[in-house]
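I opened a new model today and kept notes as I went. Here is what I looked up, entry by entry.

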Amino acid sequence: MSGSETIVLVGWGAIGKRVAELLTERKGAVKIVAVAVRDRSASRDGLPPGAALIEDPAELAATGAGLVVEAAGRPSVLAWGEAALRAGMDFAVSSTSAFVDDAIFTRLKDIAAISGAKLIIPPGALGGIDALSAASRLPIARVEHRIIKPPKAWAGTQAAQLIQLDEITDATTFFTDTAREAADTFPQNANVAVITSLAGIGLDHTIVSLVADPKARLNTHEIIAEGDFGRMHLRFENGPLATNPKSSEMTALNLVRLIENRIATTAV
């Protein structure tokens, strides 16, 4: 790697902590200069050495960071995204369910266009998004995204109102609708469908099916697309984060890859 990168992490939950841990382990030229939280007076452990705690988006500009990485949940995207982009900092969004609101997506894109900073949408728990995005240069007829997780990963969501999560014995599809509806209704589990949609044919044309499978041990994503480019069938079986079964280890890994590629002499 060459050069260095300074970043701000928005959120100190499971994903933010894992990203910081991986960056530390890999000993790259990346410095986390600040961590943004809702209340900096609350005690927190494991913060990166030298990282300031901030709680107001207006504090971003003074950090001098080149990249702001959001991993704090849907409500944080607009305020922190606006502040980062206006300050000329690139802004990477993990809580892509925020973009089911077209006004938020358009506002951040417009600010980025004016400031020259980039609004970045990482692959999240997925791979192959580059191929789907490339395929969209020609007409795509269909994109379907199936998300299959163990019942415990759906606990505490509306899935519990649709099926008896602790009683099913076989894989059960409990929701099928557009990506917009899936990400809006299940923002922790299905916000990744927004990424598929933005790479392909949009939120209202991408079909998402959500499945609880008591035999599943991993979080599985299947993406099927057909169009003038041909046909693709992508399948990913991701280990869940140890501290949050709703999220995949791959989500944190893709953020680390994004950060490291910004200073790598060769980016793959």
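I began with terms: buried means under 20% relative accessible area, exposed means over 50%, and partly exposed lies in between (1.4 Å probe, protein chains only). Helices (H or I, at least four residues) and strands (E, at least two) are DSSP runs, numbered from the N terminus. The model is predicted: local features need pLDDT of at least 70, side-chain atom pairs count only at pLDDT 80 or more, and totals for chains, interfaces and linings use all residues. Residues are numbered from 1 along each chain as its sequence is written, and side-chain values use heavy atoms, with hydrogens and water left out.

**Entry: helix α9**

I looked up α9, residues 192–199, and found seven of its eight residues buried. Among them are Val192, Ile195 and Ala199.

**Entry: the cores**

A nonpolar core is a set of buried Ala, Val, Leu, Ile, Met, Phe, Trp, Tyr and Cys residues joined through side-chain atoms within 4.5 Å. The largest one has 60 residues, and Phe91, Phe99, Trp154, Phe174 and Leu210 touch the most other members. I noted a second, separate core of 26 residues, which includes Leu9 and Leu255.

I listed the contacts of Leu210, leaving out residues up to four places away in sequence. They include Ile147, Trp154, Phe186 and Ala190.

**Entry: salt bridges**

I counted 17 salt bridges, each a side-chain nitrogen of Lys or Arg within 4 Å of a carboxyl oxygen of Asp or Glu.

Arg74 pairs with Asp184, with the closest N and O atoms 2.9 Å apart. Arg74 is in the loop between β4 (67–70) and α2 (77–86), while Asp184 is in helix α7, 110 residues apart. Arg74 is partly exposed at 29%, and Asp184 is partly exposed at 39%.

Glu222 bridges to Arg146 at 3.3 Å between the closest N and O atoms. Glu222 is in strand β10 and Arg146 in strand β7, so the pair ties together parts 76 residues apart in sequence. Glu222 is buried at 13%, whereas Arg146 is partly exposed at 25%.

I also found Arg142, Glu144, Glu226 and Arg231 linked in a salt-bridge network.

**Entry: Lys27**

Most residues other than glycine have a negative phi. Lys27 is not a glycine, yet its phi is positive, about 55 degrees. I placed Lys27 in the loop between α1 (14–26) and β2 (30–36). Is Lys27 buried or exposed? Lys27 is exposed, with a relative accessible area of 72%.

Terms used
Contact means heavy atoms within 4.5 Å.
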